[in-house]
Amino acid sequence: YQYNTGNQIVDLILHEKKMLAEEKNIKIEIHNEPGCLKDFKTIYLCTIFSNSLDNAIEACNELEDNREIYVKIGLLNQQVTILFENV
């Protein structure tokens, strides 16, 4: 996969949701700081990423223009930040 969040399941979810979005002609841009999710429980991360990306894709499906999703995962002041944005 092209992601290295520190959690293989999240990396897989990001990859699969990106493929799903692109099949629906939705541009999705994902940036992550390598290893930033390595200390988190997988079950919580799966829920956050799956639900948030499903919601973003669903919202884009209702649009004719600007069908884009931006995701940023990183560290800020020693805290993990996760941004999901329909652009």
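View 1. Asn25 follows α1 and has a positive phi, near 60°. This is a predicted model, so a local feature needs a pLDDT of at least 70 and side-chain atom pairs count only at pLDDT 80 or more, while totals for chains, interfaces and linings use all residues. Residue numbers start from 1 along each chain as its sequence is written, and side-chain values use heavy atoms, with hydrogens and water left out. Helices (H or I, at least four residues) and strands (E, at least two) are DSSP runs, numbered from the N terminus.

**View 2. Helix α1 from end to end.** Helix α1 covers residues 8-23, which makes 16 residues. At the start of the helix, a side-chain oxygen of Asn7 comes to within 3.0 Å of the backbone nitrogen of Ile9.

**View 3. The two sides of α1.** Val10, Asp11, Ile13, Leu14, Lys17, Lys18 and Ala21 are the buried residues here; buried means under 20% relative accessible area, exposed over 50%, and partly exposed in between (1.4 Å probe, protein chains only). An α-helix has 3.6 residues a turn, so residues three or four places apart point the same way. Gln8 and Glu23, on the other side of α1, are exposed. The buried residues pack against β1 (27-32), α2 (42-61) and β2 (68-76).

View 4. Six bridges pair β1 with β2 in the parallel sense; strands pair if DSSP finds at least two bridges between them. Asn32 stands opposite Ile73 in β2. From β1 the chain crosses through α2 to β2, and this β-α-β crossover is left-handed (a right-handed one runs clockwise from the first strand over the helix to the second, with the strands pointing away from the viewer).

**View 5. The β2-β3 hairpin.** Strand β3 (residues 79-86) runs antiparallel to β2, joined by eight bridges. Tyr70 has Glu85 in β3 as its bridge partner. Two residues lie between the strands of this hairpin, and Asn77 in the turn has a positive phi of about 55°.

**View 6. Leu75 and its contacts.** Leu75 belongs to strand β2 and is partly exposed, at 42% relative accessible area. Leaving aside neighbours within four places in sequence, Leu75 is in contact with Glu33, Cys36, Val80 and Thr81 (contact means heavy atoms within 4.5 Å).

Conventions
The expected span of a helix is 1.5 Å times one less than its number of residues. A polar contact is a pair of N or O atoms within 3.5 Å; within protein, one must be able to donate a hydrogen and the other to accept it, and residues adjacent in sequence count only if both atoms are side-chain atoms.
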